[in-house]
Amino acid sequence: MSDTKKYFSALAALAIIGCGSASAQFTVTNADGSSVQTTDGTISESATASAGYSFGGIDIAGIKSVKFNALPQGEAGSIVVPDSATLVKPVAILDVTAPNKESENLTRNVASVEYMLEIAGLPRFTTTSCSEAVAKGSMIVISSPILASSSKTTFTPEETAMLLDYVRKGGVVVAPAIEGNMTDGLKELFGLSGHSATAKTRTTYTWADLSRPETVYFDDPEETTVAIGEITTVAATVSTATPLAWFNDDPEAVAVTCNELGEGAAYMCGFRWRDVVERLHLNKSLGLSSRSQTFSPLSDIPAFFIRAISAARNKLSAWKFTVPDGYQAVLIPTHDCDSRTAYDEMHWMADYETEMGLNGHYFLTVHYFRQPQYLSQFYCDETLPAVRKLLEAGHTIGSHSVCHYPDFSITERFPMTPFTPEEYAEYATRDVEAGVSTGSTLAEFQVSKELLERDFGVNIRAFRSGHLCVNKHFPQAHVMAGYQFSSCYTAPALHAQFPVPQRMNNDWDGEITGVLQIPLHFSDVYSGDAGMNDNNWAEKPAQWFEIFEKLKKNYASSVVLIHPNRDWKMKAEKMLVDMMDLRECGLYNFQDYGDFWNNRRDFQFDTFFDAETGRVTLRANAADIAANAALGILIEGTADITSVSLIDEEGTVYPVRIKSMPKGGYLVTLRG
């Protein structure tokens, strides 16, 4: 950047945020990579500065960037030793599957709570000890329904008394449905006088008071009245508790309650966690619509509820942010190249994305042989140079299968039979008239990956199936073929805004594979008369943007699929990008987003808050900080904060960026 541009860039930044506040602080990053904090935002002429101007006394010629911080922070490189007494306690997940005598598949309640806390981003630990949860947790989330019978009793009288004392002293308890007999202690804890279970007739619940802090994330129709499908629910009869939500808009059927008790509170939700989280992720929901091109955040509602409770009930609550690089949302463009036309025309999309500084992601169908009346041999010597050009420009590629079969979802037609590329070209067939294909799930995954890696010398990490078809073998094929990411579902099909873990066989008792399922939020694929074509394409970006904005309000990002087979498809993507506020939103590569999410999952941190001084100290291992350069931590709560510092295990202060957020709080971005 020229000296003049540096000057006007710094001046523009100051004009936007102002520099009259005494607490304003700037992070100045020098050309050599070093950083310094300063409260002096003065731009002045300087006879000694080689550029003729200085920023806060620093020669502009040596400045790489200037960032404003909403709060002061410690000097980079200095040492801070936080007082251990100021440590903010994590959330305790209380695993009660043993006293409940739950069978193996019912322990998915625990997995659902752990997913909820992962989306919420709150530091957490899981324990089977009620006393440990009480001693170490700022909040206790109970994993499973509370039972009280002669054969199954979740809590002993002593444990119930322990929870009562914990809440009275300021603790918070969040529980799913109470399904057994309600003891006097449980009635007092939750402020209930009774409850009643109903199977598969209550299919929605509606929040009663959207002005409460627990409902801060619920401002769209899909969030204010929440579809839950055909599941067993439990309605509460309140005594001292406040109803927060009703089933089926029936004030007599209380779905969610809050009982203020002493200095704390106990919440009850009238359903099992697994029925509103894992059931949806496994695509086993009954009675729920899964139409594409819609906004469906249903499985994330409990996570947002818990996060909001933490912020409302604690002086300070800090959580791992869900969007990379300090943005409020990012758009993640992906492109399925499943025809000769797509290979010939994808340069339109690639050139535009290169101009925007984005490395797009292209899922390639590797159809390397001809199938009469079905697909031509479009993965060939004539099309490979176009892919090489993509890679040279910095774009990334993944597999979009070999044959792009429309009946790939029928497990019986696609066994896990291994084939060489030569063998599979002879074996795979498609009877167009009968609508029946013959193939192999494993070969579709392995052969496509093998050929792409052979021809282009890159590691193929991501898979998306043709037509988004999925069969029972997919999770195993992902693992055997060595994929890390999958994008074979729409977000409305999983009712999830964020990536979800993939289970073997897509079943309750399937082991988590380690493959990250990154759902697709909207696309250029429409059904029926709503189809996207060269006459109406300009109408579609506004529909996509509406979903993007709803996701953005939840600090969620959007994966879009646009087939790169027409130049107007590129124009549609451009229209969408032009609608975005690129000061607060960004463009992101699909695989980089997957890496961000995996690294975020593994990131551990502690929060210290000195109430007397208002100082917040975030602490993480240096290795975790280095691996999570794109991660942010959002600090919320009721306390007044005067400064924020990020330190490693040695106490060394790292430079960060701190900014105010729309829903309140301060976002601390690790990349300074």
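User: Is Asn248 buried, partly exposed or exposed?

Analyst: A residue counts as buried under 20% relative accessible area, as exposed over 50% and as partly exposed in between, using a 1.4 Å probe and protein chains only. Asn248 is partly exposed, because its relative accessible area is 35%. This is a predicted model, in which local features need pLDDT of at least 70 and side-chain atom pairs count only at pLDDT 80 or more, while totals for chains, interfaces and linings use all residues. Residues are numbered from 1 along each chain as its sequence is written, and side-chain values use heavy atoms, with hydrogens and water left out.

User: What is the phi of Asn248, and where does the residue lie?

Analyst: Helices (H or I, at least four residues) and strands (E, at least two) are DSSP runs numbered from the N terminus. Asn248 lies in the loop between β15 (242-247) and β16 (254-261), and although it is not a glycine, its phi is positive, at about 45 degrees.

User: Which values describe His495?

Analyst: His495, also not a glycine, has a positive phi near 55 degrees, and its place is the loop between α16 (491-494) and β26 (500-503). With a relative accessible area of 1%, His495 is buried.
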